[in-house]
Amino acid sequence: MKTPIDNPAKLDRLGIWISGLCALHCLALPILIPLLPLVSSAFFAQVWFERLILSVSLLIGAVALLAGATRHHGQYYPLLLLASGGAIYWFKDIFGHHFEPITIAVGAMLIIVAHVINIRLTRQC
């Protein structure tokens, strides 16, 4: 029976989806904040919730990229993209709240690009 580690493309696709949802969450939150009292889901606006989603995304990404590198293509530079995107995303408000959507987009895109590169490198093997 094949495990997800044997086929890192599945983990890459999952990582892409989680990173995309994380970015969507962070970008849509300012629009949805006025509606939060109506649905009583204030935990979506908490920093710990954002960091939890990002941590899950980075964990899945690390497993997928390490599996792809060690078992298939031997290229570790997608991990650098994943780590860079995660760091930018984690410290998204370092440049202030005005630039937060830009840093979120850049961080999420780096994470997604790391997964896409890993999928392509794995297919070439």
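Predicted model: local features only at pLDDT ≥ 70, side-chain atom pairs only at ≥ 80, totals over all residues.
Visitor: How many helices and strands does the protein chain have?
Guide: The protein chain has 5 helices and 0 strands. Helices (H or I, at least four residues) and strands (E, at least two) are DSSP runs, numbered from the N terminus. The order of elements from the N terminus is α-α-α-α-α.

Visitor: And what share of the residues is buried?
Guide: Of the 125 residues in the protein chain, 37% count as buried. Buried means under 20% relative accessible area, exposed means over 50%, and partly exposed lies in between (1.4 Å probe, protein chains only).

Visitor: How do helix 4 and helix 5 pack?
Guide: Their axes are 7 Å apart, and the angle between helix 4 and helix 5 is about 160°. Axes are lines fitted to C-alpha atoms, for helices over the stretch in contact, and angles run from 0 to 180 degrees between N-to-C directions.

Visitor: Parallel or antiparallel, then?
Guide: Helix 4 and helix 5 are roughly antiparallel. Angles under 35 degrees count as roughly parallel, over 145 as roughly antiparallel, 65 to 115 as roughly perpendicular and the rest as oblique. The crossing of helix 4 and helix 5 is left-handed, a term for a near helix turned anticlockwise from the far one by less than a right angle (right-handed if clockwise).

Visitor: What about helix 3 and helix 5?
Guide: The axes of helix 3 and helix 5 come within 10 Å and cross at roughly 25°. These two helices are therefore roughly parallel to each other. Helix 3 also passes helix 5 in a left-handed crossing.

Visitor: Changing topic, how many salt bridges are there?
Guide: The count comes to 1 salt bridge, where a salt bridge is a side-chain nitrogen of Lys or Arg within 4 Å of a carboxyl oxygen of Asp or Glu. Glutamate 50 pairs with lysine 92 in a salt bridge, and the closest N and O atoms are 2.5 Å apart.

Visitor: Are they buried or exposed?
Guide: Glutamate 50 and lysine 92 are both buried.

Visitor: Which residues make the nonpolar surface patch?
Guide: The patch of about 710 Å² is made by Ile88, Phe91, Ile94, Phe95, Phe99, Ile102 and Val106. Patches are made of residues with over 30% relative accessible area and no salt bridge, with like charges joined within 9 Å and nonpolar side chains (Val, Leu, Ile, Met, Phe, Trp, Tyr) within 5 Å. Accessible areas come from the Shrake-Rupley method with a 1.4 Å probe, and for residues only the protein chains shown count as cover.

Visitor: Where is isoleucine 88?
Guide: Isoleucine 88 lies in helix 4 and is partly exposed, with a relative accessible area of 31%. The C-alpha atoms of isoleucine 88 and isoleucine 104 are separated by 7.4 Å, and these residues are 16 residues apart along the chain.

Visitor: And valine 106?
Guide: Valine 106 belongs to helix 5 (residues 100-124). With a relative accessible area of 39%, valine 106 is partly exposed.

Visitor: Is threonine 122 buried or exposed?
Guide: Threonine 122, in helix 5, counts as buried at 14% relative accessibility. From threonine 122 to histidine 72 the C-alpha distance is 5.9 Å, although they are 50 residues apart in sequence.

How values were computed:
Residues numbered from 1 in each chain as written. Heavy atoms only, no water.
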